[in-house]
Amino acid sequence: MSEQERPYGGGNDDPALKRVRTRHFQRAKQNGIKITGLTSYDCLSARIFDEAGIDFLLVGDSAGNTVFGYDTTLPVTMDELIPLTRAVAHAVSRAFVIADLPFGSYENGPDEALNSALRFMKETGAHAVKLEGGERSYKQIKRIVSAGIPVMGHIGFTPQSEHGLGGHVIQGRGDDGEQQLLADAKAVEKAGAFAVVLEMVPSAIAGKVTQELSIPTISVGAGPECDGQLLVWSDWAGFTRGRIPRFVKQYAQIGETLLEAARAYRDDVESGVYPAPEHEYSE
Ligand code: KIV
């Protein structure tokens, strides 16, 4: 799609008109225009994704894995995510930035959820928050939305409950699974969320949920019928070493590129090829 055909942002020079807003998510769904999202955890990647026209950047609690090297997302804290979210929010001019509420920052109820959301909004410059859970997070989402903070829901496989769910298990399968997924989606919509992530859900079920909802669905391994797609950028760019989920398409191999660059640099330093005269300052 050309910059001019985009329903928002794009080539617009007026900063006030350039920013993606929640109404643009709604407009995209109504007009059948797919929404693109990536995670981001630092200003360098955020600037590049913004320049490329990625609609939204999620500073995910996946930072627990991708930045801090934990085995799961469970240990990551607000104190760890806030500086990353601030770096991303300050780096972009068009993309809509979403702060992920980490495990332990909203499960105790609506007051705790609102306090955590307020902290992210005041301290980072993010435009919205995301939290996991459908029916079980209804009151939390409603309270945050009632304070004027946009919320993205997240249902299906929810990594913060990976032990409760018995590991990385596809959600929404079978009649009961489908009914629960639909009930969760409806609860998130009713609570006032502007969009909902469906993670690791069979495409046909995600398609039904997308039809049933007035808010956009964002797929993380939930197929092409969702209104948008979201991927963890280090998986998508081939930065992650090790296993990648099957739903990820890799658009680059920057891990290999960095490995080769680091080896070449080490060889040049050891052999005296670097620094060369053009890298030196004269007196
Ligand atoms: O933290 C994250 O990156 C996420 C997405 C995968 C949905 O929650």
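1. Start with Ser62: an N or O atom in its side chain sits 2.5 Å from an oxygen atom of the ligand. That counts as a polar contact (a pair of N or O atoms within 3.5 Å). Asp61 also has a polar side-chain atom, 2.8 Å from an oxygen atom of the ligand, and for Lys130 the distance from a side-chain N or O atom to a ligand oxygen is 3.0 Å. The ligand exposes 260 Å² when taken alone, and the protein buries 95% of that (Shrake-Rupley areas, 1.4 Å probe).

2. A word on what you're looking at: this is a predicted model, where local features need pLDDT of at least 70, side-chain atom pairs count only at pLDDT 80 or more, and totals for chains, interfaces and linings use all residues. Residues are numbered from 1 along each chain as its sequence is written, and side-chain values use heavy atoms, with hydrogens and water left out.

3. Who else surrounds the ligand? The shell includes Thr39, Leu58, Gly60, Asp100, His154, Glu199, Val220, Leu230 and Val232, where near means a heavy atom within 4 Å. By type, the shell splits into four nonpolar, four polar and four charged residues, with Gly counted as polar.

4. Then there's the second largest pocket, at about 230 Å³. A pocket here is an open set of points on a 1 Å grid where a 1.4 Å probe fits, with protein on both sides within 12 Å along at least five of seven lines; lining residues have an atom within 4 Å of a point. The volume is the space filled by probe spheres set on the points. Of its 16 lining residues, Gly156, Leu165, Gln171, Gln180 and Asp184 are closest to the centre.

5. Helix H8 (174-191) and strand S5 (151-156) each give two or more residues to that lining, and H8 gives the most, with four.

Conventions. A polar contact is a pair of N or O atoms within 3.5 Å; within protein, one must be able to donate a hydrogen and the other to accept it, and residues adjacent in sequence count only if both atoms are side-chain atoms.
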